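This briefing goes through a protein model that was predicted. Please keep the sequence and the structure at hand while reading.

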Amino acid sequence: MAIDVVMPRLGWTMEEGTLVEWLKASGESVQVGDILFTVESDKALNEVEAFDAGALHIPANAPTPGDSVPVGTVLGYLLAEGETPPERVPPPPRIAVKDVAVTAIPASSGAPPATDRGTPAISPRARRLARELGVDWEHLIGTGRTGRISEEDVRAAASAHSTAAETSEAERIPMSPTRQAIAGRLVTSHRDGAPVTLTADLDATALVELRQRARPRLGYNDYLIRFTATALERHPALNSSLHGDDILLHPGIHIGFAVDTEAGLLVPVVRDANRKSVEEIARESASLSGRALRGELARQEMTGGTFTITNLGADGIDAFTPIINPPQSAILGVGRIAQRPAVHEGEVVPRWLAVVSLTFDHRLVDGGPAARFLATLRELVESPVDLVA
Amino acid sequence: MAGREITYTEAAREALTAAMERDPTIFVLGEGIGERGGNFNTTLGLYERFGPRRLRDTPICERGFVGLCAGAAMTGTRPVVDFMFIDFILDAVGELTNQIAKIQYMSSGRLKMPVLLRGCVGIGGGHATHHSGSYYPLFVNVPGFRVVVPTTPHDAKGLMATALRGDDPVLYLEHKSLLNIRGEVPEEDFQIPFGEARVCREGTDLTIVAVGPLVPRSLAAADALDAEGISVEVIDPRTLAPLDLDTILSSLRKTGKLLVADESFGPCGIGAEIGAQVMERGFDDLAAPVRRLNGVHTPTPYSLPLEAAVAPSADQVAAAVRELADE
Amino acid sequence: MTIPQDKLLSLYRTMVRIRRCENQLARSYAAGTITGACHTYVGEEAVATGVCAHLRDDDAVFSTHRGHGHALAKGVPPRELVAELFGRVTGCSGGRGGSMHLFSPEVGMMGTSGIVGPCILQAAGAGYSFQLRETDQVGVAFFGDGAVGNGAFHEGINLATIWDLPVLFVCENNMYATEVAFANSARNTDVAGRAAGYGLHADAVDGNDVVAVYEAAGAAVARAREGGGPSLIECRTYRTRPHAEGMRDGGYRTQEEIDSWKARDPITSFARALLDDGIAIPDELQVIDDEIAVEVQQAVDFATQSPWPDAETVADHVYGTDA
C-alpha cells in the first residue's frame, strides 16, 4: 500500500507549514533517512527526512512549492515496487479532535428558585430600600426570574401605597345609572372591537369663509354632519354594523352627535342626514342638544344611529382617538379649527386647519375604505360650495 | 458516669494505634517519629509496639520520602507521613500536587492513593515564620486532596480513623495550641465522616464558622457576647475539603449574618470560598455581607507581642461580632 | 550466550515491537494525530527490553516522559499505547493521560511522568511496600542522565540504600537531557560510580547490547528479590531521534555522532549476533518482523476506530472514596 508523505508537525504549536522545495523528484527512489523536502514554519527552514523507503510519487493535484498547508496534508506517496500510483492526494485534513463535542461545564449552581421558599425572597438591596421607603415587603410578589423581590418591586409597592393613601381622603361620588350604562358600552366597544384611528389634516379655510357668508350662521358640526352623510353615501362600508358574523350595511344614514351633559355623554341622532340640508340639520341638532342638556331626550332619539360624530374642537382639542359607539363601525372625531401655517399654491400662508380622527372597527372595515371615506370628506370640506342647497 | 478525658494528641494517637493494629499495611515515616516517638509525641510508644519498619525515621528529605510514600501507596501499603511542622511539606509540593493528587484520576481509579499527611500548624509559642504556617488553601484548591482540621480530642480521633480507612490522600492538620487540650473521647474505635460540620454552640443572631484555634476562641467570645444579649451560633467545619456548606447555609437561614474566623491568611482562604458559596447559594438569607476575620497577611514574626498582633484573638472575634450584629 | 533461544527471540521481538511502534507514533505525531509531546525511544530499545524480561506483572515499573518503550516491554499491548496517544477511551489511561501518563497497573506499569525525578522516589516506595509486606516483588525506576542532577536521585537512592529496599534503578544515560549535554550538567558523568558512593550496588553496561543489559538486570533483580537490597545499572545508550517529535535535532549534537550510534543500532547488531551464532535464521527473524508490522498496523486501526472518552466522565476518579 502506498505510504503517505505528509506535511509534518515540526513544533508543538505548529498547525500549518509551507512546502518550500522537493529535494527528490517524482519517480525517484528514496531510502530511509533521505531528505525528501524542505518546509518553512515559524520563519525557520526545516529538512524533512523520509521515514520509509520507496519510489516517490507526487500526483498532479498535490500541493506545490510555495503552498501553505495544514499539518497532516498528504504531499505525495512512497510506493513499493510495482505498486499502482494513486492519481490524487486527498484534501487537507480537518483536525478530528475539534469535531469532538464538548459538554459545556455548568457554572456553579445558584440559589434555589425564590418561589420554592416558604417565605418571599428579597434581595439585600431591596430590603434596604424597603426599609428606607417604609414598605411592608413581605406581602409583595417578586418579579425577578426566580421570584425574588427586587428593588423595582419595592418601588412599585411604595408608589401604589402612596396612591392608595390619597384616595382615602378623596370625595366619593357614586356612578349614575346613565354613567354606568355609558361606561359599559364604552368598555364593550373597546374590548370587542378592533379599533384603528386614522387622522387627516383638513384645510377648512373655504368652509370658514362659507360659514362667514351664510345667513343664518350655522354650526361647523352641522356642516360636518351633512358632509359626513354624503361621504357615507359614497362609502357605505362605514355605515355598517356587526351582528353575529354578518355585516349589516344600513340603507339609512342616521348620524349621532355627541353632547356633553351633566349626566354624561349623550348621543342624539339626526336621522337621514343625507336627505337634509345643512339648515335643516342645524335646526334639528339645536333642538336635540337643547333637550339633551335639559335631560329631556326620548330614548328613541338616541337609538338607531349608524355613525357618530364627536366634536371636541370647542374644548381646544386638536386630535384624539374616539371610541366607537357600538354596534356602529366607525366614529369621527373632530378637532378644533385653528389658523396654522400651511403650504397653499406654493407659498406658506396662514390657513384654517383642522384634524379629523376616524376610528373604525377593523373587524368590519378595512383601512382602504376608511381612508377613502376620509379623502371624500376632505374633498367636501375643502370644496364645500357643492352641497349648500 | 463521666466520660474519659484525654488530650488531643493522645486521642489522635489512639486512632493511629488502633488502625495500625487492625491494618498491618499502615506505616509511619518522619523525622524523629521512631524510637523518640515524635517531636509532638504523635507516635509515642508505637515503635516498641510495631517495630522499625512501621515507625521509620527518615533523613531530612521531605520530597524524597513523600515521593516514596506515593509509590508505596500505589503498591498496597498505607503510608502516614508525619511532618512534625507542616511547613516542611512545602519541599514536597511537586510530589504532592503532580503525583499524589493526580494518580487516582490518571489511572481512572485503578490505583489508589491512601496517604495520610499530618503535621502541626499555626501560630503560637514564638516559633517564627518557618514553623508557624498552615498552607491549607493549596490543598483545598487542588483536586484530589481531603483536608481535615480537627479541633477537639473527640474529633481528632474520629477523623484520624476515617482518614486511615479511605483511598484518598488526606492532609491532617493539628494546631499547636490544641495539642494539649483535654476532652471527652470514647474508648472504642469510631469514625467521623468527612464533610460533616459540627454546630458547637447554638444561637440565633449571628453565625461564626471558625477554623482550628478560632473555634475555642469563638466559643469564648460567644459566652461573653451572650451576656450582652447577642446570641451567637458557632460552627466547626471539621473538614475544609470536603466542606459542609449545607450546615452553614441552614445556620445562615436562621441568623442571616455570617463571620468566618480563621487564623490563616485571608486571600484565597476558606473564608473567601465560604463567602463565594454563600453568595451563590444563600444570597437571599443574607441580612449583611459575609465578614471574615483572618490573621494579618504577613510572615509570622518571632517576638511575642508581634506574634500576638498577627493572630486573631477571642476579643477580636467578639469585636467583629458586635459590628456585624449592628448591621 | 547461555540464554535459551526462545528467550533470545523474545528479546528480539520486544525490541522490534518497540521500534516499530515508536516509528509509527513518530509518523502519527507528524501527521497531527497525536497532540502535546511525544518523546520516542528509538535507539534505546535494548534497555527496556533487557530489564523488563526479568519482571513479572506484579513487579512495579515507574518511568518518565520517554516511557513508551518501558510500557511496551512491561506488557502494555501496542493498541492500548497507540489508542492512549490518540486520546481514545480505549487507551491504557482511558485517554486521560497521554504519552506522559501511561498507567497499566494490571501489568505493573505504574505510570510514566511528565516530571523528572518522582519515578525514582516512587520505585523506592514500591520497594518499601514489598519489604513491609514481605513479598519478593521488585520496584524499578527508569530515568535518564537528566535525573541525576535532580534532588530526587539523591534522596531516592539514599532512602533505598539505608533501608535495603528491593529496587532496581536504571539510568538510561543517552548523554543529553533535552538538548543539554550531560557533560555540562555534571563534573562526574560516571553515574554508576556516583551511585556506588551511596553504598549502592552499581554497574555500567553498554545500553545498546541487549544481552549485557539482560545479564546485569538479571543479577540486580535476583539480588532484590532475595533481600539483598537495591542496585543501580547505568546503561550507556543513545536516542537517534530528537528529544521530542517535532523538535529540531540540530545545534547541540552532530550528524556524525548520530550516525555513529545508528551504526550501533541495538536491533540490527543483535540480529547479526543471532544469525552469526546460529541462534536464528533470517526467515525466522523476518517472520517476527512481519508479525510485528501487522500488530502495529492493527494497533493503529484499533486506535483510529476507537471512540473518544465521554465528557460526562471528566470529573470521575478525582477521589477514591466518596465523602
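The model is predicted, and local features are described where pLDDT is at least 70. Chain C has 323 residues, and chain A has 389 residues. The largest nonpolar core of the model contains 212 residues.

**Chain A**

- Chain A holds 7 helices and 19 strands.
- Of its 389 residues, 31% count as buried.
- Taking contacts in chain A with a separation of 6 or more, 62% are between residues 24 or more positions apart.
- The domain assignment divides chain A into domain 1 (3-92), domain 2 (116-147) and domain 3 (177-387).
- Between the C-alpha centres of domain 2 and domain 3 of chain A the distance is 51 Å.

**Ser26(A), a loop residue**

- Ser26(A) sits in the loop that runs between strand E2 (16-22) and strand E3 (29-30) of chain A.
- Ser26(A) counts as partly exposed because 15 other C-beta atoms lie within 10 Å, whereas a buried residue would need 20 or more and an exposed one 12 or fewer.
- Leaving aside residues up to four places away in sequence, Ser26(A) touches Leu56(A), His57(A) and Ile58(A).
- Ser26(A) and Leu78(A) are 52 residues apart along the chain, and their C-alpha atoms are separated by 9.6 Å.

**Chain C**

- Chain C is made up of 12 helices and 7 strands as its secondary structure.
- Buried residues account for 55% of the 323 residues in chain C.
- Among contacts in chain C between residues at least 6 apart in sequence, those joining residues at least 24 apart make up 74%.
- Along the principal axes, the C-alpha atoms of chain C fill a box of roughly 65 × 50 × 45 Å.
- Chain C has a radius of gyration of 19 Å, which agrees with a compact globule, because a globule of 323 residues would have a value near 20 Å.

**Nonpolar cores**

- In the largest nonpolar core, with 212 residues, those with the most contacts inside it are Val321(B), Ile120(C), Val140(C), Leu168(C) and Val170(C).
- Helix H1 (residues 5-30) of chain C gives the largest share of this core, 11 residues.
- A second, separate core has 48 residues, including Ala204(A), Ala231(A), Ile323(A) and Ala370(A).
- Within chain C, Leu168(C) touches Val138(C), Val140(C), Ala217(C), Ala220(C), Val221(C), Ala224(C), Ser231(C) and Ile233(C), not counting residues up to four places away in sequence.
- In soluble globular proteins, nonpolar side chains tend to be buried together.

**Domains of chain B**

- The assignment for chain B gives domain 1 (5-184) and domain 2 (198-326).
- The centres of these two domains, taken over C-alpha atoms, are separated by 26 Å.
- Their contact takes 23 residues from domain 1 of chain B and 22 residues from domain 2 of chain B.
- On the side of domain 1 that touches domain 2, helix H6 (136-141), strand E6 (146-148) and helix H7 (153-163) of chain B each supply at least two residues.
- H6(B) gives the largest share of that side, 4 residues.
- By residue class, that side of domain 1 divides into 13 nonpolar, 8 polar and 2 charged.

**Helix H4 of chain B**

- Glu95(B), Leu96(B), Gln99(B) and Ile100(B) are buried in helix H4 (residues 93-100) of chain B.
- What covers the buried residues of H4(B) includes helix H3 (62-74) and helix H5 (103-106) of chain B, along with helix H5 (118-132) of chain C.

**Contact between chains B and C**

- 40 residues of chain B and 38 residues of chain C take part in the contact.
- H3, H4 and H5 of chain B each supply at least two residues of the side of chain B that touches chain C.
- H3(B) gives the largest share of this side, 10 residues.
- The residues of this side of chain B comprise 16 nonpolar, 17 polar and 7 charged.

**Contact between chains C and A**

- Here 15 residues come from chain C and 16 residues from chain A.
- The side of chain C that touches chain A has 7 nonpolar, 5 polar and 3 charged residues.

Methods: Residues are numbered from 1 along each chain as its sequence is written. Chains are lettered from A and ligands numbered from 1 in the order in which they are written. This is a predicted model: local features need pLDDT of at least 70, side-chain atom pairs count only at pLDDT 80 or more; totals for chains, interfaces and linings use all residues. A nonpolar core is a set of buried Ala, Val, Leu, Ile, Met, Phe, Trp, Tyr and Cys residues joined through C-beta atoms within 7 Å. Two residues are in contact if their C-beta atoms, placed from the backbone, lie within 7 Å. Ala, Val, Leu, Ile, Met, Phe, Trp, Tyr, Cys and Pro count as nonpolar, Asp, Glu, Lys and Arg as charged, and the others, Gly among them, as polar. Domain bounds come from an automatic or database domain assignment. The radius of gyration is taken over C-alpha atoms; the globule rule is 2.2 Å times the number of residues to the power 0.38.
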